[in-house]
Structure formats: structure tokens, C-alpha cells
Amino acid sequence: MRMFSAPVAGANYTSDTRNYPWHRPPDISDYDEAVDYIITKLKEPEQHELVFSLIELDFTITTIVSTILMQGIARGKFSIDLAILIAGPIARYISIIADDSGLKYDMGLGDEDRIKITPTSLKIALGIVDDEADTDTTPAEIMSDDGGLMSQVSVEEIDAASADEQASMLGETIDEEEPADGLA
Amino acid sequence: MKFEDAVVKSIRNFMRGKMPKATSELMDEGRFYTPEYFDELEEAFADDEDIKEPEDEDV
């Protein structure tokens with residue numbers, strides 16, 4: 001933007017923003033009235049065909065509802081808050097008429113409620129029995145059964161030396177063997 | 001939160017049968033477009049289909 005073609009500072013305070021429909025009080029402020037208005041509009045052939053065409057083009061119901069509501073807000077029919085409140089009924093109505101017409105659709109509500117597919121859940125669903133799963137042991141179990149290198153040794157596990165071995169280690173009994181050839 | 005996110009949240013809650021309580025309490029007669037109304041509407045559409053099908057077979 002060139003320096004002298006920019007708006008004068010404070011120009012936004014002098015412009016008449018009331019010209020925009022969404023800056024004026026909305027035409028509809030009642031929940032039922034707003035839903036009724038949208039449903040009546042959707043029953044018009046042009047709107048009906050448009051919505052069905054969008055569904056066939058794989059647009060989600062959520063996207064279609066958002067677009068319809070944005071149009072209503074832009075035209076000053078209802079406020080943003082009321083638009084959010086009536087989103088549910090509008091989506092439900094569109095899904096009903098799509099079902100009635102045999103159209104396949106996606107609600108576009110994300111995958112929060114979706115059950116996550118894991119290898120285990122897939123094996124269970126397919127009835128696959130995994131042999132490794134039976135012998136599968138956790139590291140904690142391995143440690144508790146066999147003991148680790150740093151684990152405490154029990155008394156039973158200690159292989160004590162015999163009394164003779166202990167005495168020989170202490171140097172108490174030294175058996176001096178006589179030489180066989182009698183040289184000493 | 002974006003407008004689209006709010007719309008998704010609103011639709012999800014309505015599908016679960018939740019309605020904004022505070023807004024409903026403002027109305028004496030209650031709301032007309034409730035989840036129950038749409039359930040009945042869906043049944044009505046399904047019933048219409050059941051009626052239509054035999055007519056098509058006759059034709």
C-alpha cells in the first residue's frame with residue numbers, strides 16, 4: 001500500500017458501520033422461529049437441489065450447515081449466538097432428508113467417538129488367536145521369577161562350602177601328603 | 001474457537017440429545033424443534049417410504 005493511498009488515521013470511527021446487516025439487530029431472535037426459517041428455506045426447490053448436490057459432492061453436513069448459517073448471519077437474519085444454537089436441528093433435518101432420498105453422507109463431526117483400531121482389537125475382531133500372546137510375560141514378571149543381577153539372594157540359593165573346605169580355606173587343617181617315592 | 005468448531009460442537013451435542021437448558025427455560029411453552037421432534041419426523045419419513053414401496057410394486 002502506498003503511503004498516501006492509505007486510510008486517514010481514525011477513518012474507521014467516522015464510517016457508518018450500521019450499513020452492514022450483522023451490525024443491526026437481527027430479524028429473528030427466537031430459536032424455533034430461526035429453525036423454522038431455515039427449514040422453510042431448505043424446502044424451496046433451488047435450496048433443496050443445492051444441498052443435495054453438495055452432499056453428492058462429498059461435502060460434510062457440518063460444512064453445509066456452517067455455510068447456510070454464515071449466509072443467515074451475513075444477511076442479518078439471526079445473530080452468531082443463535083446460529084450456533086440452531087446448528088444441531090438444521091444438521092439433523094438435513095441428515096433426515098438425505099436419508100429419505102437415499103444419499104450417503106458424512107456428518108463431519110470428527111473422530112472423537114470413533115473406536116481406535118489397534119492390532120489387538122483387529123485380531124479379536126477377526127478371531128485370530130496369537131500363540132505369542134499366551135506366553136507373553138511382562139518385564140516385571142520376569143524380574144520377580146528369576147531375579148535380576150542386583151536382586152537379593154535367598155538363603156536356600158546360597159551354596160555353602162562344606163566344613164572341610166571351610167577349614168582348609170582358613171588354614172586349620174593342612175594335610176601334608178607324604179611323598180610316595182620316599183625321598184623326603 | 002472458530003465458528004466452524006462451535007457449529008461442530010453444537011451439532012454433536014444436539015445429536016446426543018442435549019439442549020441448552022437456560023434458553024429453553026426462557027420459553028413458557030418449551031421448544032418445538034427438539035431432538036424428540038426430529039426423531040418423530042424421521043419415523044414419519046420412514047413410514048412414508050413403507051407406504052410408497054407397495055405402490056411402486058403395483059405400478
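**View 1. S79(A) is a partly exposed residue of chain A.** The model is predicted; local features need pLDDT of at least 70, side-chain atom pairs count only at pLDDT 80 or more, and totals for chains, interfaces and linings use all residues. Residues are numbered from 1 along each chain as its sequence is written, while chains are lettered from A and ligands numbered from 1 in the order in which they are written. S79(A) has 17 other C-beta atoms within 10 Å, so it counts as partly exposed (buried means 20 or more such atoms, exposed 12 or fewer, partly exposed in between, with C-beta atoms placed from the backbone). S79(A) sits in the loop between helix 4 and helix 5 of chain A. Helices (H or I, at least four residues) and strands (E, at least two) are DSSP runs, numbered from the N terminus. L69(A) lies 10 residues from S79(A) in sequence and 9.5 Å from it in space, C-alpha to C-alpha.

**View 2. Chain A has 10 helices and zero strands.** Of its 184 residues, 16% are buried. Take the contacts in chain A between residues at least 6 apart in sequence: 72% join residues at least 24 apart. A contact means C-beta atoms, placed from the backbone, within 7 Å.

**View 3. The largest nonpolar core has 26 residues.** Such a core is a set of buried Ala, Val, Leu, Ile, Met, Phe, Trp, Tyr and Cys residues joined through C-beta atoms within 7 Å. V65(A), I86(A), A87(A), I90(A) and I94(A) have the most contacts inside it. Helices 2 (31–42), 3 (45–56), 4 (61–74), 5 (80–85) and 6 (87–100) of chain A, together with helix 1 (3–15) of chain B, each supply at least two residues of this core. Leaving aside neighbours within four places in sequence, I86(A) is in contact with Y31(A), A34(A), V35(A) and I38(A).

**View 4. Helix 1 of chain B has the buried residues V7(B), V8(B), S10(B), I11(B) and F14(B).** They cover an arc of only 165° around the axis, which puts them on the same side of the helix. The arc is that of the directions from the helix axis to the C-beta atoms. Just after this helix, G17(B) takes a positive phi of about 85°.

**View 5. Chain A meets chain B through 19 residues, in contact with 20 residues of chain B.** Helix 2, helix 4, helix 5 and helix 6 of chain A each supply at least two residues of the side that touches chain B. Helix 6 of chain A gives the largest share, eight residues.

How values were computed:
Contact = placed C-beta atoms within 7 Å.
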